[in-house]
Amino acid sequence: MAEYSVALDDMNFLLFDVFQADKMWQNLPQLAESIDKDTAQAILQECAKISEQEIAPISRQGDEIGVQFNDGSVTTPPGFKQAFDTYAEGGWIGLGGDINYGGMGMPKMLTALQEEIVCGADMSFSLYPGLTTGAALSLSAHGSEALKEKYLPRMYSGEWTGTMCLTEAHAGTDLGIIRTKAIENADGSYSLTGGKIFITGGEQDLTENIIHLVLAKLPDAPKGPKGISLFLVPKFNVNEDGSLGERNAVSCGSIEHKMGIHASATCVLNFDGAKGYLVGEVNKGLAAMFTMMNYERIGVGIQGLGASVRSYQNALEYAKERLQSRAVTGPKSPDKEADSIMVHADVRRMLLTMKAMNEGNRALALYISQQLDLSKYGSGEEQMKGEALTALMTPLAKAFFTDIGLDNTIAGQQVLGGHGYVREWGQEQLVRDCRIAQIYEGTNGIQAMDLIGRKLAANRGEFMKLFIAEVRAFIAGNSSSEMAEFVSPLSESIDDLETLTRDILVAAGANPNQLGSAACDFLHVFGYTAVGYMWARMALAALPNSHSNDFCKAKIHTARYFFARLLPRRLSLMASARSAAEHLYNLPDELF
């Protein structure tokens with residue numbers, strides 16, 4: 001496997017040339033004093049250093065050895081404890097955390113890049129701090145002052161990790177039918193009893209305590225999702241002075257033996273009257289947990305991007321070194337026994353597709369992160385638009401990035417040929433690791449339904465109108481002859497997206513099944529169009545220096561490839577999205 005190298009040049013280009021994040025930060029009072037261009041660059045550089053030198057080198061060993069389970073205890077692979085301690089000591093877990101409890105309060109535009117860097121180094125490792133960050137986010141937003149003061153500083157410092165405990169053996173997506181029960185105690189705490197499965201980091205040897213956020217129901221709770229409450233349940237009870245007390249009644253019954261992410265402990269947790277504390281309001285737990293889940297869904301999308309970036313690096317290094325046959329136009333390396341496979345059209349197609357989608361999705365991840373920052377730190381119309389676009393694009397980020405991520409890890413495997421299929425080259429690990437990202441935090445089919453149902457049909461496309469209006473304003477303001485090759489296909493795409501949105505909503509009025517029938521194809525039409533907008537913005541920033549600067553020259557060539565070869569994919573997806581729902585539902589179940 002190629003040595004991991006963080007794309008700092010591209011990250012800085014996006015932050016400061018495309019999105020001008022430093023200017024945005026200075027206009028947001030809560031960020032103006034804490035972050036600027038120099039600080040951001042220093043943070044990214046240091047994160048790249050620790051990821052390249054400490055985390056990436058243990059990825060292969062972590063996959064080969066995996067986590068070990070013995071009598072209720074989990075042992076992480078060699079090197080993980082040391083790497084986690086180094087990562088925690090650097091303050092990385094609290095990078096975006098609440099400054100009132102020891103976090104650094106950095107914007108999502110920065111932490112999104114941090115997440116990509118760590119995911120690219122090793123997806124398994126990234127899950128331990130990633131789930132902790134998410135749990136801390138929900139606790140910060142919904143926990144009492146006492147809970148925040150007791151738990152957040154130790155979570156941000158990495159002394160304690162966090163989990164999210166939703167899924168039960170009989171209840172995955174349908175959380176309204178969970179059976180875990182919570183009984184209130186005389187002291188205001190609760191006793192939780194039940195079982196949870198697929199709990200990432202539910203048991204491990206990295207930290208002295210684990211803070212579980214658990215969904216459960218009180219005995220008199222309403223049926224369905226309206227009866228769910230959220231509780232904080234520590235592995236070890238915490239004394240008033242912050243020291244650890246006795247072991248709580250929560251235990252790991254087993255770990256899952258998975259296709260990938262072998263170094264991440266995926267646990268069955270048993271709660272046997274475990275002491276817990278209410279987070280937020282009774283019966284409002286699902287809303288509190290979704291504070292975490294929405295960030296986690298964007299984070300899972302970035303996992304797909306990180307694996308895809310690593311795949312491209314492996315494939316590119318291999319393609320440049322692998323000698324095989326000659327170019328059809330004649331030898332390119334006559335002094336060697338064969339040309340590198342870089343001369344072959346199909347190899348170049350796969351590499352350029354990976355490059356174009358990685359850079360486009362990185363830009364889109366930053367754009368969505370910018371909306372999150374505006375929704376959190378902005379005001380007035382700017383804040384409302386940020387909230388609307390975040391809601392619209394969260395399911396897109398999770399599903400599109402991970403679908404493309406798997407495609408690109410498989411493409412990298414194809415570039416390596418037989419060497420991509422055997423373990424010693426490391427490429428097949430990326431395929432196996434990336435595959436889970438399409439499944440957890442809500443499958444990609446569910447994300448598509450969330451997009452087309454809750455974020456589109458529920459408000460008759462109002463959120464989408466905001467996005468379309470923004471893209472059209474960009475096109476109108478950048479119609480010079482130099483930009484024509486980029487804005488012309490973008491204009492056609494945004495018109496098609498508007499028409500497709502309208503057509504699906506009209507069809508769904510006559511047949512509600514039309515939404516589900518169109519959902520996945522529609523999400524991808526939206527994804528390619530949104531990435532097209534990102535590539536037009538990148539082209540605008542790169543054009544002035546594209547004749548003298550190799551980085552900018554590569555940007556323009558890659559933009560041309562995207563618009564010529566990848567954006568047209570939306571045309572077949574549109575045709576499929578428009579097809580009648582009856583094609584899915586007319587075949588009786590017994591005839592399948």
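Me: What makes a set of grid points a cavity?
Reply: On a 1 Å grid over the protein atoms alone, a cavity is a set of points where a 1.4 Å probe fits but cannot get out. A volume is the space filled by probe spheres set on the points, which are joined across faces, edges and corners. This is a predicted model, in which local features need pLDDT of at least 70, side-chain atom pairs count only at pLDDT 80 or more, and totals for chains, interfaces and linings use all residues. Residues are numbered from 1 along each chain as its sequence is written, and side-chain values use heavy atoms, with hydrogens and water left out. A search of the whole structure finds three cavities of 30 Å³ or more.

Me: What is the volume of the largest cavity, and which residues are the closest to its centre?
Reply: Its volume is about 90 Å³. Lining residues have an atom within 4 Å of a point; of the 13 here, C119, D122, M123, L430 and D433 are the closest to the centre.

Me: How does the lining of the second largest cavity divide by class?
Reply: Ala, Val, Leu, Ile, Met, Phe, Trp, Tyr, Cys and Pro count as nonpolar, Asp, Glu, Lys and Arg as charged, and the others, Gly among them, as polar. The lining includes A112, E116 and R362, and has six nonpolar, no polar and two charged residues.

Me: Why is L571 called partly exposed?
Reply: Buried means under 20% relative accessible area and exposed over 50%, with partly exposed in between (1.4 Å probe, protein chains only). L571 has a relative accessible area of 43%, and is therefore partly exposed.

Terms used. 1 Å grid on protein atoms, 1.4 Å probe; cavity = no way out; pocket = protein on both sides within 12 Å on 5 of 7 lines; lining within 4 Å.
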